[in-house]
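This briefing goes through selected features of one protein chain. Please keep the sequence and the 3D view open while reading.

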Amino acid sequence: MKLENSNNGASTDFNGKFSLKNVKVNDVLIVSGVGYVTQRIIVNKEGDLKITLLEDSKGLDELVVVGQGVQKKASVIGSISSVSTKELKQSPVANLSNALAGRLPGLISIQRNGRQGSDGATLLIRGVATLNGTSPMVVVDGVEGRTLSDIEPSDVESVSILKDATATAIYGIRGANGVVLITSRRGSAAKAPSISFTSQYGLQEPTRIPEVVNSFEYATLINQANKNNGTPLTYSAAQLEGYRTHSDPFLYPDNDFAKILLRKSSVMTRQNLTVTGGSNFARFFVSAGYLSQAGIYNKFETPYPSDQVFKRYNFRGNVDVDVTKTTLLRLDLSGSFGSVNRPRYENEPFFAVVRFAPNIYPIKNPDGTWGSAVSLTNNPVAELSDNGYVVSYTGRSQGTFAITQKLDVLTKGLSATASLSYDANYFQDQTRSKNYDAFQYNANGTYTRTRTGSKLGAVSGAYGLSRFATYRAILAYDRAFGNHALTSSAIYTQQKSYSNVDIPAALQGLSGRTTYNYRNKYFAEATYAYNGSENFAKGKRFGFFPAGAVGWIATEEEFFKEKLKFISFLKLKASYGVVGNDQIGGSRFLFNSYFADASGGSFGNPPAGTPGLAESFLGNENITWERGYKKNIAFESKFFNNLITFNVDLYREDRKQILVNSLVPQLAGLPNSPPINKGQVKNQGFEVELGIRKNFNNFLINIKGNIGFNRSKVIDNNEATPVYAYQSGKGKRVGQPLGLISEGFFASSQEIAASPLQTYTSKIVPGDLKYLDYNGDGVVNDFDRVAIGYSTVPEMQYGAMFDLSYKNFDLSVLFQGSAHSSVYFDQFGYVPFDRQGTALKDHLNSWTPENAATATYPRIDIGANANNTRLSTFTQQNGNYMRLKNAEIGYSFSQSLLRRVGLKRVRIFANGQNLATWSKIKLVDPEYGSGSIGTTYPQQKVYNFGLNLDF
């Protein structure tokens with residue numbers, strides 16, 4: 001509620017009650033609310049007023065952010081999904097990208113790492129449609145190339161993803177992988193000025209910690225491996241008893257590295273202050289935020305700052321000023337400044353959980369020195385507490401100045417905008433190194449030095465600076481002629497980027513959009529871009545990317561209104577277009593060929609050596625961008641007076657001109673296989689959204705679910721023709737691996753003798769994995785590998801959200817998951833005793849003659865067994881999972897109590913992230929992916945509590 005042309009306003013409580021002072025008869029109240037039509041109410045009496053909100057049943061006038069502009073929701077016929085600040089703030093995460101999973105159909109979010117300061121999720125829109133760069137373009141407040149990783153969620157008005165050609169073609173050469181649009185909050189003249197302060201306190205813990213054996217179990221498994229290999233036992237019965245009883249902690253250590261190194265929980269705190277408001281002359285939004293996130297490692301006493309903590313400061317100021325009735329100035333300033341302090345270590349300490357055997361040495365020797373072993377000198381506790389420290393600084397400063405001039409004097413609906421944006425980013429790492437003395441404690445009580453210590457050294461480090469400037473000029477037209485409405489815009493964009501001393505990168509182009517609708521019933525839209533970059537040869541730098549779409553709101557037809565009244569809203573839409581992708585090859589200037597110094601020849605008398613030149617890279621002047629040919633058909637619908645929402649999208653993309661290596665035989669003598677644009681991928685799928693929303697007086701229920709499925713198939717990868725056609729990548733899923741088909745464990749020597757020869761080790765024995773001789777040649781080797789499982793990127797992601805509110809209470813729950821992905825672990829953790837590493841609890845059920853019928857792991861060996869650790873249907877694991885991704889409960893205090901102390905709203909809440917995970921993968925978090933877990937820092941489970949005050 002706001003008094004027109006004033007700053008006098010208030011918000012209602014959950015019962016709809018409000019109070020305004022100094023209101024006179026004939027004053028005008030502006031009444032607005034999310035999901036309701038904004039009304040102007042003339043006050044016709046003093047005292048109480050009863051105002052009935054009018055539900056905006058179809059949201060036809062709601063503005064939706066699209067590429068390079070906004071459109072009314074009814075006129076949007078591109079494929080766009082959005083999430084608002086309300087949902088984003090429910091996730092207690094440091095990185096905005098981690099608040100998106102499960103909320104947007106068509107968005108795949110994968111968080112591989114949980115390390116504070118670098119825990120951003122990998123985002124993919126409609127899966128993987130290329131063999132090269134797959135990242136979508138990120139656009140923040142209209143500026144391409146910014147990052148979303150350090151944006152404060154409470155500063156965000158909405159996050160939208162653009163998916164089809166009509167939505168993305170306006171970005172031309174950079175739009176094929178989709179676009180993520182972030183729109184920050186701005187002030188409003190329709191709302192009273194307000195101040196909001198939020199403080200949060202959270203506890204974090206890893207979602208998964210590998211379950212490893214203790215020293216007794218470790219020694220028992222080692223002896224079992226000795227028996228399997230026919231070698232002498234490593235541990236005697238007395239030693240086994242010493243480990244079982246812990247009779248001497250120095251001779252028989254039993255280190256639980258997870259307990260030694262990891263905290264039970266770590267703290268994350270966040271404070272945020274926002275001030276927003278405005279008048280008919282100026283509107284403003286100002287915010288400041290502070291985040292502190294501690295690490296998972298225990299704090300050990302050191303004479304220098306070695307605690308692991310990430311800190312970030314954010315600020316933002318968005319101001320809009322109507323200089324005149326026809327001139328609008330916009331000024332946006334924002335920045336974030338972060339630092340990560342951590343111990344200096346050679347390997348991620350979490351890695352020590354699986355890297356070190358529990359009995360390798362005591363952490364501290366009897367004389368108090370650091371324990372160590374001659375064969376493995378690193379001590380993980382000393383790495384955290386006696387090895388120096390690292391401080392990493394990052395900073396981003398961003399500014400945009402824009403002026404918009406209405407040109408109704410020339411023709412009604414015409415306007416022009418010019419804007420300049422400048423971004424500066426920096427990083428700096430400061431390291432102070434030292435070493436520690438370490439000794440091996442021998443059984444006879446003597447010590448053997450394994451490391452020599454040093455004092456804390458001087459500061460060394462690295463730094464970098466990047467910056468870019470973006471210029472835009474927009475000519476826009478928006479006008480209605482009776483039942484006809486026409487909008488059109490032409491946009492010139494120029495961007496130049498600098499990174500340290502590298503050659504600047506440049507982007508330049510012209511783009512535009514034209515929309516037409518008749519009676520808000522029939523819609524047509526055309527978008528285009530003509531743009532290019534310096535990354536291609538002269539004369540081949542620019543391309544044209546067109547797209548078009550049509551739409552029809554069927555429920556505006558009379559026969560729908562009369563005969564199909566249960567359908568509240570139905571929009572049908574279809575689009576087709578061409579979009580580009582310049583993320584090719586990971587290198588710049590592939591059209592150039594390069595030469596390098598090389599040995600020359602000897603000339604003269606007497607002969608003297610003369611240096612020469614040699615080709616180091618052979619380029620291709622015809623290198624160009626990828627082209628995505630995108631098709632999309634969809635409908636949006638609501639039923640039973642908007643009770644049920646049901647939306648479906650079907651899409652297909654044919655990505656062509658993908659960069660691949662040419663086929664050049666080695667005997668040609670070329671330094672490389674020149675890259676060519678020959679690859680092709682087909683990507684298709686569907687998205688479904690289903691929602692139910694109902695308001696029962698004081699009780700509101702809102703249920704939303706979404707699911708997206710896509711499958712990408714390699715049409716052409718320019719591979720050499722394989723010996724066996726079934727090993728070709730053509731026709732397979734992108735990223736699908738080749739592996740062996742496992743047929744269980746060999747049970748006896750007789751079975752081994754009667755089976756095809758397995759060639760991966762010199763000797764196969766009972767308990768080893770048995771593989772299918774796929775080609776039937778009597779030998780099992782790499783020619784028997786076939787496409788198995790899926791890639792590490794899921795083909796399906798889904799989310800289900802439940803919102804409930806009753807009077808002053810509110811509750812929300814988000815389940816999120818993925819399916820159709822596969823992972824493969826190797827090396828430390830999965831492979832027992834790999835390079836003196838430990839073993840998992842799962843390895844206790846490895847094959848022996850006694851448990852052959854129930855064993856779940858091959859016979860145990862010391863280190864990697866080349867036969868049993870190969871990628872196969874046995875070692876490949878199901879990557880499917882489901883999470884209780886987010887939950888929040890809150891209570892808002894009655895306004896009648898708050899007005900007495902000058903408060904508009906007080907809300908207390910508790911929420912959590914990654915609260916529960918269901919997955920067949922137990923070693924690490926299911927989103928980690930494939931490979932060794934040596935570099936992983938686990939995802940975090942968060943329990944968070946907060947207080948929000950509005951003044």
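In this predicted model, strand 14 and strand 15 form a hairpin, with 3 residues between them.

**The hairpin and the next strand**

- Strand 14 covers residues 266-278 and strand 15 covers residues 282-294; the two pair in the antiparallel sense over 11 bridges.
- Within this pairing, Thr-274 has Ser-287 in strand 15 as its bridge partner.
- Strand 15 also pairs with strand 16, again in the antiparallel sense, over 13 bridges.
- Gln-293 stands opposite Phe-310, a residue of strand 16.
- Strands of a sheet pair through backbone hydrogen bonds, and the pairing is either parallel or antiparallel.

- An open sheet of 3 strands runs in the order 18-21-22, and its pairing is mixed.
- Strand 18 (370-371) and strand 22 (447-451) are at the edges; each has a single partner strand, so one side of each has no neighbour in the sheet.
- Strand 18 pairs with strand 21 (residues 438-441) in the parallel sense, over 2 bridges.
- Trp-370 has Ala-438 in strand 21 as its bridge partner.

**The nonpolar surface patch**

- A nonpolar patch on the surface has about 880 Å² of accessible area in total, and its residues include Tyr-313, Phe-315, Leu-331, Tyr-393 and Leu-465.
- Strand 16 (309-322), strand 17 (327-343) and strand 19 (388-406) each give the patch at least two residues.
- Tyr-313 belongs to strand 16.

- The volume of the second largest pocket is about 830 Å³.
- Strand 9 (137-140), strand 23 (459-481), strand 24 (484-499) and strand 25 (505-518) are the elements that give two or more residues to the lining of this pocket.
- Strand 24 supplies the largest share of this lining, with 4 residues.
- The lining of the second largest pocket has 31 residues, and those nearest its centre are Arg-174, Ser-497, Ala-505, Asp-582 and Gln-583.

**Salt bridges**

- How many salt bridges does the structure hold? It holds 46 salt bridges.
- One of them joins Arg-244 and Glu-241, whose closest N and O atoms are 2.7 Å apart.
- Arg-244 and Glu-241 are separated by about one helical turn, because they are 3 residues apart in helix 4 (residues 237-245).
- Both ends of this pair are partly exposed: Arg-244 has a relative accessible area of 47%, and Glu-241 is at 35%.
- Asp-307 forms a salt bridge with Arg-263, with the closest N and O atoms 3.1 Å apart.
- This pair links distant parts of the chain, 44 residues apart: Asp-307 is in the loop between strand 15 and strand 16, and Arg-263 is in the loop between helix 5 (257-261) and strand 14.
- Arg-588 and Glu-534 meet through their side chains in a salt bridge of 2.7 Å, N to O.
- Arg-588 is partly exposed at 31% relative accessible area, whereas Glu-534 counts as buried at 15%.

Methods:
Residues are numbered from 1 along each chain as its sequence is written. This is a predicted model: local features need pLDDT of at least 70, side-chain atom pairs count only at pLDDT 80 or more; totals for chains, interfaces and linings use all residues. Side-chain values use heavy atoms; hydrogens and water are left out. Patches are made of residues with over 30% relative accessible area and no salt bridge: like charges are joined within 9 Å, nonpolar side chains (Val, Leu, Ile, Met, Phe, Trp, Tyr) within 5 Å. Accessible areas come from the Shrake-Rupley method with a 1.4 Å probe; for residues, only the protein chains shown count as cover. A salt bridge is a side-chain nitrogen of Lys or Arg within 4 Å of a carboxyl oxygen of Asp or Glu. Two strands pair if DSSP finds at least two bridges between them. On a 1 Å grid over the protein atoms alone, a cavity is a set of points where a 1.4 Å probe fits but cannot get out, and a pocket is an open set with protein on both sides within 12 Å along at least five of seven lines; lining residues have an atom within 4 Å of a point. Grid points are joined across faces, edges and corners, and a volume is the space filled by probe spheres set on the points. Buried means under 20% relative accessible area, exposed over 50%, partly exposed in between (1.4 Å probe, protein chains only).
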